[in-house]
Amino acid sequence: MKRCFLAVTASVLVPCAQAQVTAVRAGRLVDPERGKVETNQVVLVDGEKIVAVGRDVAIPPGASVIDLSDLTVLPGLVDTHTHLGLTYKDVPEHDYYYLTYVMDSTPLRAIQAASNGIQLLNSGFTVVRDLGNNALYVDTAHRTAVDQGWIPGPTLVNSGLIIGGLGGQFWPTPEMAKQHGIVYPEYLEADTPDEIVKAVRQNELFGAKVVKICVDCKPWGYTIDEMKLVVREAAKAGLKVAGHVQTPEGATRAIDAGIWSIEHGFALTEEHHRRMAEQGIFLASTDTPREFARSPEEYANTVAKLKSAWSHGVKITFSTDMDYWRTGDTRSRGELTIAFLSTWKDAGIPAADTLKAMTTTGYACTQVDHERGAIRPGLAADLIAVRGDPLEDIDTLRDVRFVMKDGLVFKRDGVMTPAAFFHAGPVKGWRKR
């Protein structure tokens, strides 16, 4: 049978037999990596992929045209540290996370995760690293559902259960730990080398795409050699290691061990920042804004640490640890997540650098940059659009007007239109964990 092609440019041909071609007219197109804006651009999408970008891209006959001439188009946003299957609350558990874990079942938390993922996508987050506290592998189920085309949501890079020493982050009574096994599945206890290897392999078996460990959740914590063992074992499956850090000593050991990313920045010193920049270690600093801080002193420390990491050239990502809710707050999980911009502004970090952390650096940290991220041919068509220029005013990201995920329009004119994302079966093929 004779094949036909649609001419996109003089050098690019698109097979006409492929999926619906969509042309997005962008009044302004932002490249966060270079900090540049191009005007009057066309982004041509064929199925899930971008096939051409430029001012002179020809729009093929029959293509669907989306006119965003009055908006600024940019890559989707990234949150590199969150917990979609967890919402602890002031009522009824008084923000006591251990009670949330006891009271909310795995199925309920799976539904929470799906809802939170949709809310994040609505706010422009197209990639999320979901780092544990998701009951019995809710995160794997959520990722699989999104990957198979059953529900809309961000691309998920999930950790499975958090691996830690005895007790994880809990301090349970002997009865609760030994007779009721309360630590599992919120944490996967591993203290000896054999237990550590088995824990990493369990998470890999059940669908983890990154390995998360508690570096120093207990006074004894993990040694440098134990963390190096985690790194080696994870590497066999091509996975990186994220380390929850809460003490300066733990941070030093984690850096010495060469983990991929440090989670939380409140315990880091300038020397830690200097070493992280030298070694290229990512920082997911989870910079809690003033409105959620426990005290003015805590917030001042958060701002100072973030500013220090930025000034030392650390590869900082936008990260939130957003997993809580206050009675009477009508904001969505996405709006609560984007509220963390205020900390970056208070730290005096330029909008262009903040945007780079939310996109380019985030894609690199989550290791999806080979398939999505930049708006260029061959990568997934994940696009968002806002009214202003985020390189000058980062707050324009608080009002995302358009979202395209994998070539499908999820939001248009500020309104979610997710119908195309729901299917009765795995339209993208059955993908086991």
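## The aromatic cluster

Ring pairs tie Y88, Y96, Y97, Y98, Y101, F170, Y187, F292, Y324 and F340 into one cluster. A pair here means Phe, Tyr or Trp rings (for Trp, the six-membered one) with centres within 6.5 Å; planes under 30 degrees apart are stacked, over 60 edge-to-face, and the rest tilted. Keep in mind that this is a predicted model: local features need pLDDT of at least 70, side-chain atom pairs count only at pLDDT 80 or more, and totals for chains, interfaces and linings use all residues. Residues are numbered from 1 along each chain as its sequence is written, and side-chain values use heavy atoms, with hydrogens and water left out.

## Two ring pairs

The structure holds 16 aromatic pairs. Take Y88 and Y97: their ring centres are 6.5 Å apart with planes at 50°, so this pair is tilted. Y88 has 18% relative accessibility and so counts as buried; Y97, at 13%, counts as buried too. (Buried is under 20% relative accessible area, exposed over 50% and partly exposed in between, using a 1.4 Å probe and protein chains only.)

F125 and F318 are a stacked pair, because their planes sit at 20°, with ring centres 6.1 Å apart. This one joins distant parts of the chain, 193 residues apart: F125 is in strand β9 (residues 125-130), F318 in the loop between β17 (315-317) and β18 (324-325). Both F125 and F318 are buried. Helices (H or I, at least four residues) and strands (E, at least two) are DSSP runs, numbered from the N terminus.

## Lysines over rings

Two lysines sit over aromatic faces: K218 over W171, 4.5 Å from the ring centre, and K315 over F282, at 3.9 Å. The test is NZ of Lys or CZ of Arg within 6 Å of the ring centre and within 35 degrees of the ring normal.

## The largest pocket

Y88 turns up again here. The largest pocket has a volume of about 1200 Å³, and of its 39 lining residues, Y88, H264, F266, R294 and D321 lie nearest the centre. On a 1 Å grid over the protein atoms alone, a pocket is an open set of points with protein on both sides within 12 Å along at least five of seven lines, and lining residues have an atom within 4 Å of a point. Volume is the space filled by probe spheres set on the points, which are joined across faces, edges and corners.

Helix α9 gives the largest share of the lining, 6 residues. The lining splits into 15 nonpolar, 15 polar and 9 charged residues.

Key:
1 Å grid on protein atoms, 1.4 Å probe; cavity = no way out; pocket = protein on both sides within 12 Å on 5 of 7 lines; lining within 4 Å. Nonpolar A, V, L, I, M, F, W, Y, C, P; charged D, E, K, R; others polar.
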